[in-house]
Amino acid sequence: MARNCLTLESVRHSLIRQEDSIIFGLIERAHFPINFPTYSQSYVSNSLHTFSGPLLRFVVKETEALLAKAGRYANPEEHPFFPEDLPPSVVPPHNFEKFLHPPAASININKDIWDTYINKLLQLFVTPGDDGNYASTAASDLLCLQALSRRIHYGKLVAEVKFRESPQEYEPAIRAKDRDTLMKLLTFEKVEEAVMKRVAKKAMMFGQEVTLNKDGNDGKYKVDPSVVSRLYGDWIMPLTKHVEVEYLLRRLD
Ligand SMILES: C=C(O[C@@H]1C=C(C(=O)O)C=C[C@H]1O)C(=O)O
């Protein structure tokens, strides 16, 4: 859909579709235990020193460098975790439609997303332990981080649509830099409740063991549906709303 035709309904539809990517990402990651060395500062201290620091950082940085060359970050919906020193794109530029307000478009909260994912979310949905699969673990973390980042930064599009639909409602609070009022204006509790129920249901459907005999899967899921609901309620939606508020605060710049 052309950006200038975006509506609250169409951006919400995209958020619903993105739930699938996030839940599949969580299921893939939950396949491995925590594998703590993936995040350890000292993991490669004995190697040939082609890099230092956590393996996940190395995997994300190197992947982003490659994707930057392929033009990924020219797309306003994509946000790198390591924007410093990214190589230039080597592909012909695509003329992405400019839907966002330029001074607000550059918001990037990936640092918060990274810290939240590693320090708070992971231990809620993966088991303790170490099976040595650190590179595969980092690869599945990368997918989760990218899906979360895309969803949370989608808050910019949501905020732009909400602002365009009723600028007169938002302008006084933006001018007064009143975060609390902005948060109230952009919050739809009924929508949030529906999101939490739907993601739990999707986690049940996507995370069940599919067998050819009649036995059910004994209520066991690859990732706990109530945890998925909690990740959304406590972190993913609050971070999306944080992006919405930050965006609106710059909407009249
Ligand atoms: C994204 C929106 O803004 C808020 C954030 C929501 C979310 O992150 O899913 C849902 C409802 C709103 O409280 C929206 O209105 O759809």
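Helix H1 (8-30) has as its buried residues Val11, Glu19, Ile22, Ile23, Gly25, Leu26, Arg29 and Ala30. A residue is buried if 20 or more other C-beta atoms lie within 10 Å of its own, exposed if 12 or fewer, and partly exposed in between, with C-beta atoms placed from the backbone. Helices (H or I, at least four residues) are DSSP runs, numbered from the N terminus. An α-helix has 3.6 residues a turn, so residues three or four places apart point the same way.

This is a predicted model, in which local features need pLDDT of at least 70, side-chain atom pairs count only at pLDDT 80 or more, and totals for chains, interfaces and linings use all residues. Numbering starts from 1 along each chain as its sequence is written. The protein has a mean pLDDT (the predictor's confidence in each residue, from 0 to 100) of 94, and 95% of its residues reach 70 or more. For the complex the predictor gives an ipTM of 0.99 and a pTM of 0.95.

The cover over the buried residues of H1 includes helix H4 (110-125), helix H5 (134-153), helix H6 (155-165), H9 and H10. Arg17 is also found in H1, but it counts as exposed because it has 10 C-beta neighbours inside 10 Å.

H6 is largely enclosed by the rest of the structure, because eight of its 11 residues are buried. These are Gly155, Lys156, Leu157, Val158, Ala159, Glu160, Lys162 and Phe163. Among the elements that cover them are H1, H5, helix H8 (179-186) and H10.

The largest nonpolar core has 48 residues, and Leu148, Val228 and Leu248 have the most contacts inside it. Helix H10 (residues 225-249) gives the most to this core, with 10 residues. Such a core is a set of buried Ala, Val, Leu, Ile, Met, Phe, Trp, Tyr and Cys residues joined through C-beta atoms within 7 Å. Leaving aside neighbours within four places in sequence, Val228 is in contact (C-beta atoms, placed from the backbone, within 7 Å) with Ile23, Leu26, Val199, Ala200, Ala203 and Val223.

The ligand is surrounded by residues that include Arg12, Leu15, Val158, Phe188, Glu192, Met237 and Lys241. A residue belongs here if its C-beta atom, placed from the backbone, lies within 6 Å of the molecule. H1, helix H9 (189-206) and H10 each supply at least two residues of this shell.

Definitions and conventions. Contact = placed C-beta atoms within 7 Å.
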